[in-house]
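Please open the model in your viewer and keep the selection tool at hand. The stops below go from one selection to the next, and each says what is to be found there.

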Amino acid sequence: MVLACNHINHSFTDEPILSDATFHINEHEKVALVGINGAGKTTLFRLIVGELTPDSGEVILAKNSSIGYLPQQTNYQSDKTIYEELFAVQSDLIEMDRKLRELEQKISQSQGAQLEKLLSQYHTLQTTFEVSDGYAYKSKVLGVINGLGFGGDAMHKKIELLSGGQKTRVALGKLLLKEPDLLLMDEPTNHLDLASIRWLENYLTGYKGSVFVISHDRYFLDRIAQKVIELDRGKVSTFDGNYSHYSQKKTALLEALIHQYYNQQQQIKHQEEVIRKLRSFNREKSIKRAESREKMLNKMNRMEKPVEFEKSISLTLSPDCVSGKDVLTVTELAKAFDETPLFDHVNFEIKRGEKVAIIGENGTGKTTLLKIIHGMESQSEGEIKIGTNVQIGYYDQEHQVLHDDKTIFEEIQDEYPDLSHTQIRNVLASFLFTGDDVLKPVHLLSGGEKGRVSLAKLMLSKANFLLLDEPTNHLDITSKEILENAINHYTGTLLYVSHDRFFIQKTATRILDLTGHKLLSYAGNYEYYMEKKEVVEQSAQTTGEKKENQSKQSAGDLGEVDTKKDWQEQKSIAAKRRKIEKKIEKTESLIETLEQEIASLDEEFSLPENATNSKKLTELSTLREEKQAELTTAMNEWEVLSEELGEFYGDQ
């Protein structure tokens, strides 16, 4: 057992947050902490790491165990680059590596007692280095850098120039590389794209320590969680299995409780009716029997009525009118910033009733595409055509459509002046803003609260074409399920950007993948996309080459030269990319071989028969230096190649 929380009680301003919370986490266990927003999940994490002190109870961490904590938001400050900051985590190994090279040099120039002393020092240091997985530290750091989306030139950006989300990703990378015995992470996937989330899932699945994570990403929890701890109205409950198992058990438990509650209500009603009837007889014997039954009824432990969606938003999306069949037509759309292309030759149509998800890595231009469609951003080339009777409603993940100087009430009132004060309060109450909450200024709201205000405005808009940018960000799982239900019953048309795979799976009828400056279409949900991804990408590449060939053969004017040039350029780029990928594979294989050869040489160093053979030791030392030099060269080459590859796939 690595962590035990025993009978934890904690309150804020006399309002109980945790009541007799008791649970434990075993070594190597991967555990999810779930509950609605405001349930106290982050508070529990802060109690565990010692940022807060419980009113009563105790937090016990296993002796000599280390703990690492990633909060939702970090105020990360550093004058280093991402590369320098993450490699600094391995400073001990870097220093050991330097000392080993220094000892090897001295060994090759020594003999006799001095040689034996140096060999002993070398063997001790090498054992420590090897046990600490020192020979793999470079590839490990570079793997984390690339996995978190900082490949290519991005790894050399100064941290002080990064966005808040990027800084949080750097903090996550440092935490993973420190490899604490217990890893606490509060919403680690919030600032990751789909590729990075999948990488993190694989990393955590193989993580040697214990993991305790807060997340509203249900796909993520299904992949990594072996146990789910639920925090509900201050009480803690533990469920074995991943999120889906928890959800099924929770539903079954709730149904059983509802059944028990109504059975008890029927018993109470029956007893009350018998008591009333006995009293109506107005006989001493009957009255005594009535009083006896009444005492038994008063002693009954009455169940509280189970509430499925307590403190959850109420959302209904209803378009005001029906649009034409053709809702949106995008033709040859392109966008570049400072002559750097974001995407080009983007073509797609959306028909009435479709629910389309746009996915892709960070920096590919998904949000920009939505803004261009909504008219908030201008395109470099191409045409956007909105269909007949289309009324657009827009949800912005940055909530720039909200006004910082207004209160929540004013935000709704100014947008919908025909609504009465009572109607506005009723709408806001359905989004959990009651009493004086509605008088809060927007600039003081949390991300989740701003999201609820934006959803309230979206619901009131009555739009028949919704553009949503990361609508599930900052929503708890219950609220996500309510939004999913509202979207699935929505009779209008939907185009949204999301990294939430579970949400996409539940709501999308089509997926558009913005990748390699292009848009690929998948006629299905997320599982369909994963199944067909490789086939569609290969087909798109082949089709593109065929179209270029056909264009080359049929064109007879200047356009033929341009098309041919463009096709040759694209083909050349693809060939260069494949060439770099092959070089990386070859270099990785060489690194693995060299590491094995060096390990074998190290074993020979420690053999008793070689301990006093200075000639043999000199040969081994020389050979090891050569292999180490080759390994260093190979690792440097891998790094350069990775940066070159990042130019094809990295953020633009």
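A cavity here is a set of points, on a 1 Å grid over the protein atoms alone, where a 1.4 Å probe fits but cannot get out, and its lining residues have an atom within 4 Å of a point. This is a predicted model, in which local features need pLDDT of at least 70 and side-chain atom pairs count only at pLDDT 80 or more, while totals for chains, interfaces and linings use all residues. Residues are numbered from 1 along each chain as its sequence is written, and side-chain values use heavy atoms, with hydrogens and water left out.

Begin by selecting Leu-317, Ser-318, Pro-319, Leu-458, Met-459, Ser-461, Lys-462, Ala-463, Leu-466 and Tyr-490, which line the largest cavity. A search of the whole structure finds one cavity of 30 Å³ or more, and the space in the largest cavity is about 40 Å³, a volume being the space filled by probe spheres set on the grid points, which are joined across faces, edges and corners. Helix H14 (residues 447-461) gives the most to this lining, with three residues; helices (H or I, at least four residues) and strands (E, at least two) are DSSP runs numbered from the N terminus.

Stay with Lys-462, in the loop between H14 and strand E15 (465-469). Most residues other than glycine have a negative phi. Lys-462, although not a glycine, has a positive phi of about 60°, and Lys-462 is partly exposed, with a relative accessible area of 36% (buried means under 20%, exposed over 50%, partly exposed in between, with a 1.4 Å probe and protein chains only).

Next select Glu-332 in strand E10 (residues 326-337), where phi is again positive, about 45°, in a residue that is not a glycine. Glu-332 is partly exposed, at a relative accessible area of 35%.

Leaving out residues up to four places away in sequence, Gln-126 touches Leu-100, Tyr-135, Asp-602 and Arg-624, a contact being heavy atoms within 4.5 Å.

Finally, colour by pLDDT, the predictor's confidence in each residue from 0 to 100. The protein chain averages 85, and 92% of the residues score at least 70. Over residues 550-567 the pLDDT is below 50, and this stretch has ten contacts in the model beyond near neighbours in sequence. Where pLDDT is low, the predicted coordinates should not be read in detail.

Key
1 Å grid on protein atoms, 1.4 Å probe; cavity = no way out; pocket = protein on both sides within 12 Å on 5 of 7 lines; lining within 4 Å.
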